[in-house]
Amino acid sequence: KVGYAIITKGFHGSSSAGLAELISGGSNIELIKAHLEPQLEHEFSQTISTLIKEPYAMMDTSDGLGDALFKIAQSSGVSIKVDYDKIPHLDLVTKEQVLFGGEDYKLVAAIPEKYISNIKGAVKIGSVEKSDCTLNISGYKYNNYSELNLYNHFG
């Protein structure tokens, strides 16, 4: 709903960067481990599902954070505005990997703002708005799903 906060937990893009390390013969163990042994956010989802009694939206980011944000916005008939600099990620991970790399298995949620302080580790990265676009990430607007630079499973 308009006025809701967009929250997440955990680093985004690390799995995609880890896959790139494996393909290139790199040796960054932290990134490789993020790809081979993703850490699920069980407590995050449990807290949201039991704490919030109002409608909310939550989705996994297995196909990328941008994918999840766009689908939540589109399915809810709203716009999501995100500040890229607030998205938790390691410094050596590229913006492309953060937004469009998959396999992180993190969660992103749209919830009433009043609940954020009760969700351990939650980071507010944006808000739900009524706007002229579906997804706005630090000024870059995506109106069509095809504009996202996502992996094409059938290509």
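Two strands are said to pair if DSSP finds at least two bridges between them; helices (H or I, at least four residues) and strands (E, at least two) are DSSP runs, numbered from the N terminus. The views below show a predicted model, in which local features need pLDDT of at least 70 and side-chain atom pairs count only at pLDDT 80 or more, while totals for chains, interfaces and linings use all residues. Residues are numbered from 1 along each chain as its sequence is written, and side-chain values use heavy atoms, with hydrogens and water left out.

**View 1. Strand β4 pairs with β1 and with β2.**
The pairing of β1 with β4 is antiparallel and runs over four bridges; within this pairing, A5 lies opposite I111 of β4. Strand β2 is likewise antiparallel to β4, over four bridges, and here D60 faces L107 of β4.

**View 2. The residues of β4 are buried (under 20% relative accessible area, with exposed meaning over 50% and partly exposed in between; 1.4 Å probe, protein chains only).**
Five of the five residues of β4 are buried. From the strand, L107, A109 and I111 point one way, whereas V108 and A110 point the other way. In a regular strand the side chains alternate between the two faces of the sheet.

**View 3. The largest nonpolar core has 29 residues.**
A nonpolar core is a set of buried Ala, Val, Leu, Ile, Met, Phe, Trp, Tyr and Cys residues joined through side-chain atoms within 4.5 Å. In the largest one, the residues with the most contacts inside the core are I6, L69, I80, I87 and L135. At least two core residues come from each of α4, β3 (79-82), α5, β4, β5 and β6 (135-137); α4 gives the most, with six. Leaving aside neighbours within four places in sequence, I6 is in contact (heavy atoms within 4.5 Å) with residues including L69, I80, V108 and V123. Apart from this core lies another, of 12 residues, among them I7, L107, Y115 and A122.

**View 4. Helix α1 has a buried face.**
Residues S14, S15, A17, G18 and E21 of α1 are buried. Seen down the helix axis, the buried residues fall within an arc of 160°, so they line one face of α1; the arc is that of the directions from the helix axis to the C-beta atoms. On the other side of α1, I23 and S24 are exposed. The cover over the buried residues of α1 includes α2 and α5 (95-100). After α1 comes G25, with a positive phi near 80°.

A salt bridge is a side-chain nitrogen of Lys or Arg within 4 Å of a carboxyl oxygen of Asp or Glu, and the whole structure holds six. One of them joins the side chains of E41 and K9 (3.6 Å, N to O).

D67 counts as buried, at 2% relative accessibility, whereas K71 is partly exposed, at 29%.
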